[in-house]
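Have the sequence and the 3D view open side by side, and let us walk through the two chains together.

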Amino acid sequence: MTIDPQRYAELFRTESREQLSAINRNLLLLEQGGDDQEALGAVFRAVHTFKGMCATMGYHAVAEFAHECESLLDRVRRGEQSHTPELMDALFAAADALEGSLEDVSDTSGTTPAMTQALQRLHDVAGGSSTSEFRAMRLSGGALVEVADSDPLEGPGVIVRVRQRADTMLPGVRAYLAVTKARALGEVAAMSPTEDLLREATTPQAFALRLLTEATPEAIEAAIRSAGDVEHVEVDASGHTRRTTRATIEVVAEGEEPSRAPSASAANAPAMRPTRHVRIDLSRLDTLMNLIGELVITRGRLLQLSAGIGDAALDDAMQQASRLIADLQAEIITSRMVPVWQVFDRFPRLVRDAARQVGKDVNFVIEGKDIELDRSLLDEIGEPLVHLLRNAIDHGIETPEARAAAGKPRAGRLVLSAARDRSAVLIRVSDDGRGVDRAKVLAKAKAAGIVDAGVKALDDEQLLRCIAQPGFSTADAVSGLSGRGVGVDAVHTKVRVLGGHVEMKSVEGQGTTMTLRVPVTLAIVRALLARTGNERYALPLTHVRETLEYADGTVQQVRGKDVLVLRDEVLPLLDLREVVRQGGEPETGREIVVIERGERRSGLVVDELIGQQDIVVKQFDAPRDGLALFSGATILADGAPALIVDVGSLFQGN
Amino acid sequence: MAPTVLICDDAIFMRTMVGDILQQAGFEIVGEAETGAQAVEKYKQLKPDLVTMDIVMPDMGGIDAVRAITKFDPDAKVVMCSAMGQQALVVEAIQAGAKDFVVKPFQPSRVLEAVQRVLG
């Protein structure tokens with residue numbers, strides 16, 4: 001039976017990502033607080049585990065490289081290597097090389113260029129003493145070490161000669177085990193080579209010991225063999241003293257030093273993951289989600305049909321089934337939820353590197369890392385966040401000098417936060433930098449014809465819309481990171497496709513906050529169904545505040561336009577019929593849905609409210625200009641399709 | 001009745017590999033542990049016939065775990081799982097009570113040999 005690496009490829013991938021994540025996380029901690037023994041221990045352990053996994057999979061080049069890293073880390077742990085910025089850079093480079101090597105494990109022989117360079121850096125950092133150690137480790141051929149002059153095997157007792165198998169692993173330890181077993185039978189009076197030397201052997205050995213014992217030769221042989229990896233054992237109980245030829249052992253150091261690392265780190269690893277979990281194939285979760293979606297729809301039909309039949313027993317059973325389905329749906333949704341730190345995890349490293357690249361000093365804070373999102377949503381949100389973070393670092397936060405001149409602390413503060421807001425999650429990227437230059441954006445927007453020449457100033461929403469135009473960029477020079485005007489546009493689109501939207505708040509001189517609002521879960525959404533004309537539409541409840549009847553008292557006219565007077569507020573009023581351009585005559589007995597987006601509210605007039613329903617959201621690829629009003633479609637209980645209104649888009653016209 | 005084994009390693013990947021080898025050889029995996037502390041706790045709970053123990057683990061390493069387990073049960077049969085280049089540590093583990101060891105990357109035949117030696 002052999003291990004087939006391919007069976008474990010997926011497991012290897014996910015596990016190794018976790019180890020690499022731990023390495024980066026702890027290197028960052030180490031960089032910030034120089035003497036952090038816990039972080040150091042954690043990095044060491046992660047590199048060590050990663051090495052073991054690579055070796056098991058047959059990725060020997062990577063495993064060897066990891067071993068070099070481990071050795072250096074061990075020296076740092078033992079205080080033999082000083083903690084300097086060069087060391088940190090070398091370690092970060094090594095971490096990157098390890099990560100990069102995973103990308104191309106099809107070439108298992110491969111030492112990537114990144115690895116070679118990183119290795120050179122490690123050696124450089126390790127300095128002269130270490131290089132000579134490395135050299136010393138690579139003795140050519142075998143250095144023979146002679147044992148003591150007097151033959152220890154002379155004397156009373158049983159002579160036991162042992163030869164280890166040629167493929168013995170950790171032969172020194174095997175020999176130690178054999179000696180220990182022998183000791184159980186009596187007293188080991190002498191050994192050749194000496195026990196200390198034998199214990200450190202790195203190649204299979206032939207050794208002998210003189211044993212004072214009453215045990216039979218068979219028992220002795222059995223004991224020695226039970227230590228494992230014994231090729232040959234010879235027990236000489238003849239009692240003659242024998243001159244044996246001087247034993248020599250060959251010590252060939254293979255670059256492996258017995259690690260005297262402390263055996264256990266008392267440090268507690270940060271509890272970043274739950275202690276009990278199972279690994280599930282991602283596609284299984286997707287399948288479950290689809291199935292429950294279909295089941296929810298079918299339930300709706302069954303409920304309708306059974307209502308029509310009016311059989312009490314049937315109704316009872318339907319109620320129960322309905323409850324069970326609701327519970328099942330909740331469980332499946334929950335099982336798809338993952339905490340955002342799984343994606344946020346890699347950002348501190350990213351921020352550090354990006355900040356260094358443009359010479360800025362950035363304090364990065366993550367809040368709400370345990371907030372959960374549907375996993376496919378979380379997968380998608382990563383890239384937009386990277387854009388926003390880079391924007392903040394590149395354009396938002398000023399250089400330390402500029403900040404000092406402005407009376408701000410030299411280090412900029414960048415906060416990434418996640419928080420729940422009913423059935424949505426708000427993810428905010430907030431910096432205390434220079435804020436968006438409104439005048440500049442306005443000028444550019446006017447020049448590009450996006451904004452009317454007569455406009456005096458842009459509010460936050462208009463500002464965002466301008467910036468989010470494809471190709472819009474006020475950056476004078478395109479930096480390596482961003483400024484191509486691609487970032488915000490892409491973010492905007494991606495978030496909308498996910499069924500959410502983006503908001504921006506910016507104050508010049510103080511900073512900018514970008515808020516992404518995304519539904520907690522993607523596929524099944526609670527919606528309000530409304531009919532206008534002969535079409536039905538779904539309004540996600542996350543954007544519905546309340547409903548009321550269209551009555552003359554509530555609807556008034558202001559400057560020729562209908563408005564909704566709701567308690568103390570005057571809200572703009574839209575007619576869904578007009579919005580979707582259905583034409584035809586408005587009906588009587590219409591209703592109004594108060595919709596909201598962020599802090600803004602509007603009234604939406606519909607012909608009839610049908611009810612609330614769970615709908616399965618089917619996304620479509622909307623062409624950029626068309627279908628801006630709709631974020632997806634769904635199949636209703638009776639099998640007819642309905643479009644899902646993108647409520648956010650209804651606010652843009654105002 | 002199948003012999004029982006407790007597998008201790010902080011990497012799921014490694015636990016899975018060892019587990020598969022032992023399962024194919026007819027063992028029943030009755031528990032897994034990610035830290036030394038968990039290993040000791042589970043040993044006391046489950047009293048497995050065999051334990052495989054990684055050396056490097058957070059929250060009490062393998063060697064301390066072996067020591068604690070052997071103190072609790074002098075007959076405990078613990079096989080250390082070590083990586084290349086850890087001779088001194090494995091020696092320490094044996095001194096702490098481990099009965100045998102295997103080296104990563106695992107060769108199934110060696111794992112089974114070690115297990116057979118230990119269980120007799």
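Start in chain A, where S3(A) and strand S4 (residues 206–213) run antiparallel to each other and are joined by six bridges. To find your bearings in S4(A), look for A:Ala208, which stands opposite A:Ser192. Keep in mind throughout that this is a predicted model.

Now widen the view to the sheet around that pair. This is an open sheet of four strands in chain A, with the order S3-S4-S2-S5 and antiparallel pairing. Strand S3 (186–192) and strand S5 (230–236) stand at the edges with a single partner strand each, so one side of each has no neighbour in the sheet. On average, and ignoring direction, neighbouring strands here are turned by 25 degrees against each other. Which helix lies across this sheet's strands S2, S4 and S5? Look for helix H8 (residues 217–225) of chain A, which runs at about 155 degrees to S5(A).

Further along chain A there is another open sheet, this one of five strands, ordered S22-S14-S15-S24-S23 and with mixed pairing. Its edges are strand S22 (608–616) and strand S23 (630–635); each has a single partner strand, so one side of each is left without a neighbour in the sheet. Neighbouring strands of this sheet are turned by 35 degrees on average, direction ignored. Inside the sheet, strand S15 (residues 535–540) and strand S24 (residues 641–645) of chain A pair in the parallel sense over two bridges. A:Ala538 has A:Ile644 in S24(A) as its bridge partner. Helix H9 (residues 282–309) of chain A packs on this sheet, touching strand S14 (524–532), S22 and S23, and its direction makes about 150 degrees with that of S22(A).

Let us turn to chain B. Its secondary structure comes to five helices and five strands, which follow the pattern β-α-β-α-β-α-β-α-β-α along the sequence. Of the 120 residues in chain B, 62% are buried. Among its contacts between residues at least 6 apart in sequence, 60% join residues at least 24 apart.

S4(B), helix H4 (residues 87–96) and S5(B) make a right-handed β-α-β unit. The two strands, S4 (residues 78–82) and S5 of chain B, pair in the parallel sense over four bridges, with B:Cys81 opposite B:Val102 in S5(B). In a regular strand, side chains alternate between the two faces of the sheet. In strand S5 (residues 100–103) of chain B, B:Asp100 and B:Val102 point one way while B:Phe101 and B:Val103 point the other, and all are buried.

How do two helices of chain B, H2 and H3, cross? The axes of helix H2 (residues 36–46) and helix H3 (residues 62–72) come within 8 Å and cross at roughly 20 degrees. With angles under 35 degrees counted as roughly parallel, that makes H2(B) roughly parallel to H3(B). Their crossing is right-handed. Residues that meet here include B:Ala39 and B:Tyr43 from H2(B) and B:Ala65 and B:Phe72 from H3(B).

Finally, bring the chains together. The contact takes 39 residues from chain B and 39 residues from chain A. On the side of chain B that touches chain A, helix H1 (12–24), H3, H4, S5 and helix H5 (108–119) each supply at least two residues. H4(B) gives the most to that side, with seven residues.

Notes:
Residues are numbered from 1 along each chain as its sequence is written. Chains are lettered from A and ligands numbered from 1 in the order in which they are written. This is a predicted model: local features need pLDDT of at least 70, side-chain atom pairs count only at pLDDT 80 or more; totals for chains, interfaces and linings use all residues. A residue is buried if 20 or more other C-beta atoms lie within 10 Å of its own, exposed if 12 or fewer, and partly exposed in between; C-beta atoms are placed from the backbone. Two strands pair if DSSP finds at least two bridges between them. A crossover is right-handed if, with the strands pointing away from the viewer, the path from the first strand over the helix to the second runs clockwise. Axes are lines fitted to C-alpha atoms, for helices over the stretch in contact, and angles run from 0 to 180 degrees between N-to-C directions. Angles under 35 degrees count as roughly parallel, over 145 as roughly antiparallel, 65 to 115 as roughly perpendicular and the rest as oblique. A crossing is left-handed if the near helix is turned anticlockwise from the far one by less than a right angle, and right-handed if clockwise. Two residues are in contact if their C-beta atoms, placed from the backbone, lie within 7 Å.
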